Amino acid sequence: MNSQHPVTIAPSILSADFADFGREIRAVEGAGADWIHVDVMDGHFVPNLTFGPATCRAIRPHITTVMDVHLMIAPVDPYIDAFAAAGADRLTAHLEAGPHIHRTLQAIRAAGVRPGVAVNPGTPIEAVFPLLDMVDLVCVMTVNPGFGGQSFIAARVPDVARLRAAIGDRPVKIEVDGGIAPDTAPGVVAAGADVLVAGSAVFTGGSADDPAPYAANIAAIRQAVAQRRA
Ligand code: DX5
Ligand code: ZN
């Protein structure tokens with residue numbers, strides 16, 4: 001069903017220069033990024049730390065596309081209003097982050113932000129099916145969250161197809177996150193993914209001073225997807 005739709009590319013600034021987010025964001029948007037994916041990690045839900053709402057607020061003015069915030073934190077609910085106030089367009093919380101996912105998703109929508117649910121590779125995809133009327137996006141993790149540059153877990157691809165079938169006509173996007181590159185993107189798009197998060201595959205080889213590689217890397221992902229469709 002996605003055969004005619006352009007795929008959305010969401011570079012993750014986890015692979016950008018943390019001392020230069022503003023210029024990195026402008027560079028990667030100029031290189032063709034559709035969304036900016038912002039990975040928030042708490043050192044508890046995942047074994048790594050990044051940043052919180054203050055950094056999101058600081059980078060917000062540099063984003064002209066969509067600020068797609070992936071919350072790898074537990075608990076989630078105490079921080080929703082802060083991330084909403086920081087300017088997130090989308091807030092995606094993990095199914096595994098707590099026992100009350102409906103409450104979390106309702107709170108995100110009540111804060112005026114588009115809610116998404118992310119699901120780890122070890123969680124059966126069916127676990128998100130009861131949530132499909134509450135979310136704008138499902139983020140299917142194809143690595144265990146916490147770090148950029150990990151290997152793509154190919155066993156997740158058939159689950160993307162099953163999720164696409166379960167979504168049916170609902171206006172719910174499928175985002176795939178982890179190990180996305182020209183070799184892995186075509187398969188997940190063929191299975192039904194709409195949004196491709198890519199960190200290392202986009203930011204490799206370039207910089208804010210030399211963004212040409214960013215454009216080439218994004219173009220390579222788009223071209224690989226187009227070739228598979230042709
Ligand atoms: C992983 C993050 C991803 C990560 C992807 O925990 O949620 O968004 O930045 O990085 P790559 O594309 O390098 O796998
Ligand atoms: Zn992410």
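Mentor: Start with a term: two strands pair if DSSP finds at least two bridges between them. Keep in mind that this is a predicted model.

Strand 1 and strand 8 meet that definition, pairing in the parallel sense over four bridges. Look along that pairing and you find Pro 11 opposite Ala 198 of strand 8.

Now look at the side chains of strand 8, residues 195-198. Val 195 and Val 197 point one way. Leu 196 and Ala 198 point the other way. Are these residues buried or exposed? All of them are buried.

Eight strands form it, in the order 1-8-7-6-5-4-3-2. The sheet is open, and the pairing is parallel. Its edge strands are strand 1 (8-11) and strand 2 (36-41), each of which pairs on one side only. Neighbouring strands are turned against each other by 25° on average, direction ignored. As background, strands of a sheet pair through backbone hydrogen bonds, either parallel or antiparallel.

Move along to strand 3 (residues 67-72) and strand 4 (residues 90-94). They pair in the parallel sense, over four bridges. Val 69 has Leu 91 of strand 4 as its bridge partner. Helix 4 (residues 101-110) packs on the sheet here, touching strand 4 and strand 5 (114-119). The direction of helix 4 makes about 150° with that of strand 5. Elsewhere on the sheet, helix 5 (residues 157-167) lies across strand 6 (137-141) and strand 7 (173-177). Helix 5 runs at about 165° to strand 7.

Two loop residues are worth a stop. Arg 60 lies in the loop between helix 2 (53-59) and strand 3. Arg 60 counts as buried because its relative accessibility is 19%, and buried means under 20%. The side chain of Arg 60 makes a polar contact of 2.8 Å with the side chain of Asp 89. Leaving out residues up to four places away in sequence, Arg 60 touches Thr 65, Met 67, Ala 86, Gly 87 and Asp 89.

Ile 153 is found in the loop between strand 6 and helix 5. With a relative accessible area of 28%, Ile 153 is partly exposed. Again leaving out residues up to four places away in sequence, Ile 153 touches Pro 121, Thr 142, Val 143 and Asn 144. Val 189 is 36 residues from Ile 153 along the chain, and their C-alpha atoms are separated by 15 Å.

Finish with ligand 1. How many residues surround ligand 1? There are 20, and the closest are Asp 39, Gly 146, Asp 177, Gly 199 and Ser 200. For Gly 179, a backbone N or O atom lies 2.8 Å from an oxygen atom of ligand 1. For Gly 199, a backbone N or O atom lies 2.7 Å from an oxygen atom of ligand 1. Ser 200 uses its side chain: a polar atom there lies 2.6 Å from an oxygen atom of ligand 1. On its own, ligand 1 has 380 Å² of accessible area, and the protein covers 100% of it.

Note on methods
Residues numbered from 1 in each chain as written. Chains lettered and ligands numbered in written order. Predicted model: local features only at pLDDT ≥ 70, side-chain atom pairs only at ≥ 80, totals over all residues. Heavy atoms only, no water. Axes fitted to C-alpha atoms, helices over the stretch in contact; angles between N-to-C directions. Contact = heavy atoms within 4.5 Å. Near = heavy atom within 4 Å. Polar contact = N/O pair within 3.5 Å; in protein donor to acceptor, adjacent residues only side chain to side chain. Areas by Shrake-Rupley, 256 points an atom, 1.4 Å probe, with all protein chains shown as cover. Buried < 20%, exposed > 50% of the residue type's maximum accessible area, 1.4 Å probe, protein only.
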